[in-house]
Amino acid sequence: MPGNGEAILEVRDLVKHYPLTRGILFKKQVGAVHAVDGVSFDLRRGETLGIVGESGCGKSTVAKLLVNLERPTSGRILYKGEDVTRLSGRALKAVRRNIQMVFQDPYTSLNPRMTVGDIIGEPYDIHPEVAPKGDRRAKVRELLDVVGLSPEHINRYPHQFSGGQRQRIGIARGLALRPEIIVADEPVSALDVSVQAQVVNLLERLQDEFDLAYVFIAHDLSVVRHISDRVAVMYLGRFAEAGTDAQIYEHATHPYTQALLSAVPVPDPRARAGRDRIILTGDVPSPAHPPSGCRFRTRCWKAREKCARVVPPLEIPDWFLEGGGPEAHASACHYAEERPATPDVPPTE
Ligand SMILES: Nc1ncnc2c1ncn2[C@@H]1O[C@H](COP(=O)(O)OP(=O)(O)OP(=O)(O)O)[C@@H](O)[C@H]1O
Ligand code: SF4
Ligand SMILES: [Mg+2]
């Protein structure tokens, strides 16, 4: 089963604050956007970790930190035991080769003036050791075939492809250097629903073929479930709950996860009728001024005085541990409980 192997990526207390400045000539820092604020997880060889959460909760920032497009404010990212955040030069380049990214928007992430062959082969300019010049065309043709596109289309331009095909080109480029890890930031969100499943199926096939580990980011819980071995639910820069897909989808204990799950469309009308929909009120607070204690408290119908005072750690609740069942998993809520709670009082400020 995937996910039982060694951890190839260990992320510890990852923090990214973007400074908020004022003034043009003499910039003065007046605060910080707490985009990511203490995220920890392991990624094992060949598994998929899904990260879900609403817009602005920090998902893309986590992705950029993992592939080194951004440097963290603090925290560690260990790749096979080595702290990537401290590497530079050749050592960093070698690690970056193994952690590749697939972007959300296949319409803007591909250079319209480059042929598909040049786009997919571009990573070889930085890592010529993977494909010497004479081999590149052959390698690119092979990659086109692997992602289900015709190798004959190597000289076409991005606009000559559909959205789904363009995402296949993005995936081929991500595979070019034969990475061990692919960080896919909303890889299907910009695609039609009918095409989404095809791209997800392709990613699953490639995972088996190349023993890839994925960090798969989405804002939609139903998309993530299909592909993920484990799921982390993110809210305002932190993980609210994390566990296997069965633990999260059938035994959610965090009110935020329960609210997200209650909004997932259910095709069976009988199941729909027996389900309480939790409508979250209030906006997501600004990450420049996150609430004290539990960040979800301004929208949580269960919030009590302790929630404003004490940050709930992402831990397995005691009652879960005592029960010893397979559903025990971590939740960052002081009052975590499995019962699908229904809000009967509006959230307090
Ligand atoms: N370079 C930057 N400078 C300042 N703030 C930033 C920067 N990049 C992101 N942010 C802020 O950090 C927060 C998290 O952004 P991020 O893009 O990671 O969220 P997200 O979960 O990917 O959202 P979405 O679902 O909309 O893609 C947001 O408030 C965003 O405005
Ligand atoms: S810690 Fe409090 S505010 Fe946060 S989710 Fe749990 S009950 Fe709600
Ligand atoms: Mg994003």
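Biologist: In which sense do strand S10 (residues 238-244) and S11 pair?
Modeller: Strands are DSSP runs of E with at least two residues, helices are runs of H or I with at least four, and both are numbered from the N terminus. Two strands pair if DSSP finds at least two bridges between them. Two bridges join S10 and S11, and the sense is antiparallel.

Biologist: Which residue of S11 is the bridge partner of Ala-242?
Modeller: This is a predicted model, in which local features need pLDDT of at least 70 and side-chain atom pairs count only at pLDDT 80 or more, while totals for chains, interfaces and linings use all residues. Residues are numbered from 1 along each chain as its sequence is written, and chains are lettered from A and ligands numbered from 1 in the order in which they are written. On that numbering, the partner of Ala-242 in S11 is Ala-330.

Biologist: Which strands stand at the edges of the seven-strand sheet?
Modeller: The sheet is open, with mixed pairing and the order S6-S7-S8-S3-S9-S10-S11. Two of its strands pair on one side only, S6 (99-102) and S11 (330-331).

Biologist: Which residue of S9 stands opposite Ile-51?
Modeller: S3 runs parallel to S8 over five bridges, where Gly-50 has Phe-216 as its partner. S3 also pairs with S9 in the parallel sense, over four bridges. In S9, the residue opposite Ile-51 is Ala-232.

Biologist: Why is one side of S2 left without a neighbour in its sheet?
Modeller: Four strands form an open antiparallel sheet in the order S2-S1-S4-S5. S2 and S5 (82-83) stand at its edges, so one side of each has no neighbour there, and the reason is a single partner strand.

Biologist: What angle does H1 make with S2?
Modeller: Two residues are in contact if their C-beta atoms, placed from the backbone, lie within 7 Å. Axes are lines fitted to C-alpha atoms, for helices over the stretch in contact, and angles between N-to-C directions run from 0 to 180 degrees. H1 packs on this sheet, touching S1, S2 and S4, and its angle with S2 is about 70°.

Biologist: Is Pro-19 buried or exposed?
Modeller: Pro-19 lies in strand S1. Not counting residues up to four places away in sequence, Pro-19 touches Gln-29 and Ala-32. With 12 C-beta neighbours inside 10 Å, Pro-19 counts as exposed.

Biologist: Which element gives the most residues to the shell around ligand 1?
Modeller: A residue is near a molecule if its C-beta atom, placed from the backbone, lies within 6 Å; of the 13 around ligand 1, Tyr-18, Ala-35, Ser-55, Ser-60 and Thr-61 come nearest. Strand S2 (28-44) and helix H1 (59-66) give two or more residues each. With three residues, the one that gives the most is H1.

Biologist: How many charged residues are in the shell around ligand 2?
Modeller: Among the 13 residues around ligand 2, the nearest are Cys-294, Arg-297, Cys-300, Cys-307 and Cys-333. Asp, Glu, Lys and Arg count as charged, Ala, Val, Leu, Ile, Met, Phe, Trp, Tyr, Cys and Pro as nonpolar, and the others, Gly among them, as polar. The shell has nine nonpolar and two polar residues, and the charged ones number two.

Biologist: Which helices do the buried residues of H5 pack against?
Modeller: Val-140, Leu-143 and Leu-144 are the buried residues of H5 (residues 136-146). They lie on the same side of H5 because they cover an arc of only 100°, taken from the directions from the helix axis to the C-beta atoms. Ala-138 and Asp-145 are exposed on the other side. The buried residues pack against H3 (116-121) and H6 (163-175).

Note on methods
Buried ≥ 20, exposed ≤ 12 C-beta atoms within 10 Å, placed from the backbone.
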